[in-house]
Amino acid sequence: MASGSLKKRPKRVISTPYRSMASPRPSSFNYKTISLLISIFLILSVVFLLSLSSNMWSKLVSNVNSSQIYSIEVVNEFPHDPNAFTQGLLYGGNDTLYESTGLYREVEVLQKMDGSYFGEGLTLLGERLYQVTWLERTGFIYHLSNLSKFEKFTHQMQDGWGLATDGNVLFGSDGSSTLYQIDPQSFQVIGKQTVKYKGHEVHNLNELEFVNGEVWANIFQTDCIARISHRDGVVLGWILLHNLREGLILAGKTDIDVLNGIAWDRSKNRLFVTGKLWPKLYEIKVRPLKKKFQGVIEQICMRMPFHFAKP
C-alpha cells in the first residue's frame, strides 16, 4: 500500500563474467531510501489518524458533557420564611407546598415536634406525609388533611436526610453516597444504590425529589442538584443553581445557608427550589447548557463526605 505511492529509482544491472543474464538487484542505498520514505509515510499517517480520532473524541466528550449539565431560568419568585431551616420540600397539589424544617427546639410549627428531634426530609404518598429526622432512625407519619401526627416509625438508614417517592416505594438518603429504596409499609430497605459520577462516589446526598422517572438530590454544601438513575445510581446530569444564592447575597441577604429543597408539581410541570434561611422560593425551568461548560464538575458539585454527631 505504502510502496505504491512511492517512485522507485532506476535499477542498475550488473553482469558477471560467468552469467550472461543476471537478475536485477537494488543497491543498499536504494533499500535504505525506500525504507526511510515508507517509515516517514507511516509515521505521518499514524499522526494524522491519531489527530483525527482525538478531535472526534474531544467533540464526542464535549457533547456528552454538555448534555449532562443544565442551567436554570427563574420563572417566578415567592416569599419564603427567612427563619425556615428548610430540610424537606414537596408539592401537595392545589397550589400548596409542604415544608419540613430543622434546628433543635426551633422547628417551624406546621405540626409541633418534640424539641429533641431535628426535622429532615418530607414526602407525600397517598394521603400520608412521611418525615425523617436528623441523626435518628426515627420518622413520623402525618394525616395530609389536618397535619395531625398519627404514627411513628423506625427505618434502616444510618441517618435521616432526604425522602421522595415514585408512588410505590420511598427513596431515602442519609447524607452518604447511598440512595435507599424503602418499603412504605414495613420501612425495610428493599434496595440501595451507590450514587456515582464518572466512577466516583457522590457523597452528601441531601433533600430528594422524584422528577420524571429520576431521583433529584441536593448535594450538601453545594449549589448543585444531581439527577440520578434510581436503577443503578448513575448521575445522569447536574443542574447548576449558583446564581440563586449569589443573587441573594448581592441583595444583602448574607445570613442565608445552603441551597436545599426541591418540589415538583407533576400535573403542571412546575419545579420549585429554595434554601435554608432563604427569604425567597423560586419556580424554575431547567435548560441544557448551550455554551461549553467552563469548570470541573467534580470540584463544583462534589465534596468529601461530612460526618456529624448528635450535640
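Predicted model: local features only at pLDDT ≥ 70, side-chain atom pairs only at ≥ 80, totals over all residues.
User: Hi! How many aromatic pairs are there in this one?
Analyst: Hello! The count comes to 14 aromatic pairs.

User: Take Tyr197 and Trp238, then. Why is that pair edge-to-face?
Analyst: Their ring planes stand at 85°, and edge-to-face applies to angles over 60 degrees, so the pair falls in that class. The ring centres are 5.5 Å apart.

User: Where do Tyr197 and Trp238 lie?
Analyst: Tyr197 is in strand 12 (residues 196-197), while Trp238 is in strand 17 (residues 235-240). The pair therefore ties together parts that are 41 residues apart in sequence.

User: And is Tyr197 buried or exposed?
Analyst: Tyr197 is buried, at 4% relative accessibility. Trp238 counts as buried too, with 0%.

User: Nice. What about Trp278 and Tyr282?
Analyst: Those two make an edge-to-face pair, with 6.3 Å from centre to centre and 85° between the planes. Both Trp278 and Tyr282 are buried.

User: Which residues form an aromatic cluster?
Analyst: One cluster brings together Trp134, Trp161, Phe220, Phe306 and Phe308.

User: Switching topic: what lies over the face of Tyr70?
Analyst: That's Arg227, at 4.6 Å from the ring centre.

User: Which parts of the chain does it link?
Analyst: Distant ones: Cys224 sits in strand 16 (residues 224-228) and Cys301 in helix 3 (residues 297-301), 77 residues apart. Both cysteines, Cys224 and Cys301, are buried.

Notes
Residues numbered from 1 in each chain as written. Heavy atoms only, no water. Phe/Tyr/Trp six-rings, centres within 6.5 Å; stacked < 30°, edge-to-face > 60°. Helix = DSSP H or I, 4+ residues; strand = E, 2+ residues; numbered from the N terminus. Buried < 20%, exposed > 50% of the residue type's maximum accessible area, 1.4 Å probe, protein only. Lys NZ or Arg CZ within 6 Å of the ring centre and 35° of its normal.
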